[in-house]
Amino acid sequence: MKIKLNQLDVLLEVAAQGSIGKAARALHLTQPAISKTIQEMETEIGMPILQRSSRGVTLNEYGQVLLRHARDIDRSLHQARDEIDNLLGKAMRQLRVGFTSAASYGPFCTTMSQYQTRYPGVKLTAMEGRPHQILDALANQKLDMAVMTSASGTPIGTFYHETLYALSNTIIAGEHHPVTHTTTLKSLMQFPWLDWDEPGEHSILGQVFRRYNLPLPPTIVHCSSPWIMARMMEQAPIVSMWTSVRLRFPGYEKNLRPLTLKEVLPATSVNIVCPSPGRLSTAGTTFMEMLRINSRDWLQDSDALEMVARI
């Protein structure tokens, strides 16, 4: 078969995203270009590789075989680049990565662990912060790159960014909160709220209330610590909006529960952000490529299906 590397990139992204449109956005291509590439691969192997439905696209048995080998090729090329860089003397000395807590679940943790094991000589620094803190650190060259959350569709300044996946959001309360039935944002305004950020362009909660033409709740406590938030919600009828992954963190699911809401909450995107991919060191580009691969693999797991939003 005469399959090109750029065609394998398209296959990997379509499999990860489950959508032609989302794969096109992630690869900065048009949907017709993605569809044409898929058709070229199908012509080459003589079989269809996609199954289309109202929910998106999935790989059929022929596509799954091709996908498995595409992943092997992707990893082999990655290893080849490392060996060539070593021959050329491109030593990797340090990498400073920023992250938001919701972005740290799953692929990011896996990548950090794999990277440290594979490149023990690299001084790896990871800094957690809120989105505006991460962007400030990137602008001031205190970080090389970041893996951070943002409201889906919200611009991320002038930085290069690519979306790895999107997480659903939910309203969270303590297990003894008085609201036990389907409710609305308006009815929840009588309770105190916890928000990650102060009102502004980075406050996803503020965007949600504006979407439904509602004023912000009169009582909002701003806190960037999920641990403190959880303790407050356990002890009082307080509510907050969390991404779907947060209840997976140890110690949260036992005493917190999601509330069922009539309104549809926007998704939160998890993005790779950096000033410019072309200016990243070998350490940075290597980390980015490993994170892409791990994100693609994670999106195929049942663990991700309950948390990832289809946008």
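**Figure 1. Lining of the largest cavity in the predicted model.** Leu12, Arg71, Asp74, Arg75, Ile293, Arg296 and Asp297 line the largest cavity of this predicted model. The volume of the largest cavity is about 40 Å³, and the count of cavities of 30 Å³ or more comes to one. Helices H4 and H10 each supply at least two residues of this lining. By class, the cavity lining divides into two nonpolar and five charged residues, with no polar residue.

**Figure 2. The largest pocket and the elements around it.** The largest pocket has a volume of about 510 Å³. Its lining consists of 26 residues, and those nearest the pocket centre are Asp9, Asp74, Glu289, Arg292 and Arg296. Two or more lining residues come from each of helix H1 (5-17), H2, helix H4 (61-87), strand E6 (160-167) and helix H10 (282-298). The most is given by H1, with seven residues. The pocket lining comprises 13 nonpolar, five polar and eight charged residues. Asp74 belongs to the pocket lining and also to the lining of the largest cavity. Arg296 likewise lines the pocket and the cavity.

Figure 3. Thr111 lies in helix H5, which spans residues 107-118. The relative accessible area of Thr111 is 0%, so this residue is classed as buried. Leaving aside residues up to four places away in sequence, Thr111 touches Phe287, Met290, Leu291 and Asn294.

**Figure 4. The open five-stranded sheet.** Five strands follow one another in the order E9-E8-E10-E7-E11, forming an open sheet with mixed pairing. From one strand to the next, the twist averages 40°. In general, strands of a sheet pair through backbone hydrogen bonds, either parallel or antiparallel.

**Figure 5. Pairing of strands E7 and E11, with helix H9 on the sheet.** Strand E7 (residues 169-174) and E11 run antiparallel and are joined by four bridges. Within this pairing, Ile172 stands opposite Pro258 of E11. Helix H9 (residues 226-235) packs on the sheet and touches E7, E8, E9, E10 and E11. The direction of H9 makes about 140° with that of E10.

**Figure 6. Helix H8 and its packing.** Helix H8 (residues 204-211) lies across strand E8 (193-195) and strand E10 (239-243), and runs at about 120° to E8. The buried residues of H8 are Ile204, Leu205, Gly206, Val208 and Phe209. These buried residues pack against strand E5 (145-151), helix H7 (185-188) and strand E12 (268-274), as well as against E8 and E10. Just after H8, Asn213 takes a positive phi of about 55°.

**Figure 7. Two loop residues with positive phi.** His28 is located in the loop between helix H2 (20-27) and helix H3 (31-45). The phi of His28 is near 60°, a positive value in a residue other than glycine. The relative accessibility of His28 is 53%, and this residue therefore counts as exposed, the cut-off for that class being over 50%. Asn213 occupies the loop between H8 and E9. The phi of Asn213 is near 55°, again positive in a residue other than glycine. With a relative accessibility of 71%, Asn213 also counts as exposed.

**Figure 8. Lys36 and Leu256.** Lys36 is placed in helix H3. Its relative accessibility is 52%, and Lys36 therefore counts as exposed. Lys36 and Leu256 are separated by 220 residues in sequence and by 47 Å in space, C-alpha to C-alpha.

How values were computed:
Residues numbered from 1 in each chain as written. Predicted model: local features only at pLDDT ≥ 70, side-chain atom pairs only at ≥ 80, totals over all residues. Heavy atoms only, no water. Buried < 20%, exposed > 50% of the residue type's maximum accessible area, 1.4 Å probe, protein only. Contact = heavy atoms within 4.5 Å. Pairing = 2+ DSSP bridges. Axes fitted to C-alpha atoms, helices over the stretch in contact; angles between N-to-C directions. 1 Å grid on protein atoms, 1.4 Å probe; cavity = no way out; pocket = protein on both sides within 12 Å on 5 of 7 lines; lining within 4 Å. Points joined across faces, edges and corners; volume = space filled by probe spheres on them. Nonpolar A, V, L, I, M, F, W, Y, C, P; charged D, E, K, R; others polar.
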